[in-house]
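Reader: I have a model open and a few things to ask about it. Can we go through some local details?
Author: Go ahead.

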Amino acid sequence: SADKELKKPKKKSPKVCGYPISIFFIVINEFCERFSYYGMRAVLVLYFKYFLRWDDDFATTIYHTFVALCYLTPILGAIIADSWLGKFKTIVYLSIVYTLGQVVLAVSAIHDITDTNKDGTPDNMTFHVALSMVGLLLIALGTGGIKPCVAAFGGDQFEDHQEKQRGTFFSIFYLSINAGSLLSTIITPILRGQECGIHTQQQCYPLAFGVPAALMAVALIVFIVGNGMYHKTAPQGNIMVKVTKCIGFAIKNRFRHRSSQYPKREHWMDWADEKYDKLLIAQVKMVLKVLFLYIPLPMFWALFDQQGSRWTLQATTMDGDFGGLTIQPDQMQTVNPILILILVPIMDSLIYPLISKCKLNFTPLRRITVGMFFAAMAFVVAAVVQLQIDVSRPLNVTVGDKEIGYILPNNMSEYTSVKHGDAGYWIRNDAGLECFVKQELGFGSSYTLLIPPTLTFGGKCSEGIQKILDIEPNTISMAWQIPQYFLLTAGEVVFSVTGLEFSYSQAPSNMKAVLQAGWLLTVAFGNIIVLIVAEAATLEDQWAEYILFAALLVLVCIIFAIMAYFYTYIDPAKIEAHFANTEYGEKERKKSLEMAKKASFQHQDEDKKGSDSSSDEEEESKQSKM
């Protein structure tokens, strides 16, 4: 059985340069999984908008619902791994679910499945929507479920004396995450931009989702291949469950003793003292102190995760021409990981040391406050850019890529979207005569071509066609999004990295996973805030929504700064050592009392035996006298 197998001594995994070979399978698995997740997510909102034909608000709502689920399910994965299956089996089983979800999503994007009349438009959109939602639900369960397990499983492969190698592993592990994210956000938009289809050529969402599905299958296979080399620890119960039970008992016990006749206790968690040891209660107090600071943090993530929704949709209304190089709207998301790789070393080696030399006490909580302020400023910049877009492009009409077909006299065709750049049109009559019209189309522009009934087919036929400009080409370049990406990424580096370090430093030794779960929950709740605002807000202008989010974050930033001012930094190791020593002293005192009691009982027995023998002697003496 699994339990018997896990009771064996720690397996000696083959090593390369002092590192277990098993970790290389884990790093490759993580790279492929992150490529799969971020590659799919990069094109997701455009899939909603252009394939499923949802409006911007609904596409944003479903996108953030999906992201929220991805950050809610890690708690479920951690509980399954620690209390039931163990990390290895949890990763394998949920990776299968994950892969299946990616495949289902890729299949849902094949328009030919329901395109019975072969016009390029699915005839049963409900089928595609249902399949998409099933796929996304499976993906959320899979990616969230394995999130808390993979890094911890990698750390389990090292022996106790390999602390340096374990630290290097986590650095390589983090690098693999960023590498997978960066490459996927470059490649999958390119794949989406290709044209594919059986009956009609459309943007290739099946390929854009299919490649991430293939990468996830590779991730699963690579992970399983390393099975014989892994060290697997037995499930020992989930600390989050224990913490929840301790908190629940304290609340229940306090409610039972709510009468004024019962003496008050210093902290409400002290009402758990009847059932749980003091060390656990002290550790829970430390965790709750940090979790209280987490309350305002979801607002940061509400803004941050709009890179993949609102900002990507904003990019669709901008000019993607960078000096002859065409950038897809969803490729703008690559600015974030690129800036992370640049800003993290700059912050650590230049900015923070410089601030320290200036004798400024830039504490972790102050850094987090500054990070939120940067994010708010990023949305102010996004609002300014949106105002410029609204001036240059009031309307964007698209019908999809398809043949215009026959045009009756005194009539006009539907608007049809085509790629910007040099475009060519063939005009043919029933006699087989042709006229080729060449035109340069600016990004986002709209033209109406008037074909006179007296059109003469031949070499100069295009001169008889009148071209009317309905909408000016976009003059706002996507490059104008770079400042807002810079501010938001700077905020992320200061906020997220510092937040994780702060949480780790303030967490008890056995409850760092609890605070990690709490941190992930702030991301989930942040995405829930976005979908609430997207559905509830009645703002007609997108720039106004950006300003609303910026104002909300500034307000939250002020509240957090006040909370941080009253926060007292602690040293969990000292507190734990104090309680450990106190408990040890208490145990020794109880042991001494028990020993004293035993000695007292022994002395009483000896006295009793002595008195019994004396009585016997007196009795014998009396008998002899008689």
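Author: One term to begin with: a polar contact is a pair of N or O atoms within 3.5 Å, where, within protein, one must be able to donate a hydrogen and the other to accept it. Also, this is a predicted model.
Reader: Ok. Which side chain does the side chain of Gln506 make a polar contact with?
Author: That of Tyr567, at 2.7 Å. A polar atom of the Gln506 side chain also lies 3.1 Å from the backbone nitrogen of Ile570.
Reader: Switching to Thr126. Buried or exposed?
Author: Thr126 is exposed, because its relative accessible area is 61% and exposed means over 50%. Thr126 lies in helix H6.
Reader: What does H6 reach from its first C-alpha to its last?
Author: 46 Å for 31 residues, 125-155, close to the expected 45 Å.
Reader: Where does the kink in H6 lie?
Author: At Lys147, shortly before the proline Pro148, and the kink is about 40°.
Reader: Last topic. At what angle do H2 and H7 pack?
Author: About 35°, with the axes 7 Å apart; H2 is residues 22-42 and H7 is residues 163-193. The crossing is right-handed. Residues of the H2 contact with H7 divide into 14 nonpolar, seven polar and two charged.

Definitions and conventions
Residues are numbered from 1 along each chain as its sequence is written. This is a predicted model: local features need pLDDT of at least 70, side-chain atom pairs count only at pLDDT 80 or more; totals for chains, interfaces and linings use all residues. Side-chain values use heavy atoms; hydrogens and water are left out. Axes are lines fitted to C-alpha atoms, for helices over the stretch in contact, and angles run from 0 to 180 degrees between N-to-C directions. Helices (H or I, at least four residues) and strands (E, at least two) are DSSP runs, numbered from the N terminus. A crossing is left-handed if the near helix is turned anticlockwise from the far one by less than a right angle, and right-handed if clockwise. Ala, Val, Leu, Ile, Met, Phe, Trp, Tyr, Cys and Pro count as nonpolar, Asp, Glu, Lys and Arg as charged, and the others, Gly among them, as polar. The expected span of a helix is 1.5 Å times one less than its number of residues. The bend at a residue is the angle between axes fitted to the seven residues ending there and the seven starting there. Buried means under 20% relative accessible area, exposed over 50%, partly exposed in between (1.4 Å probe, protein chains only).
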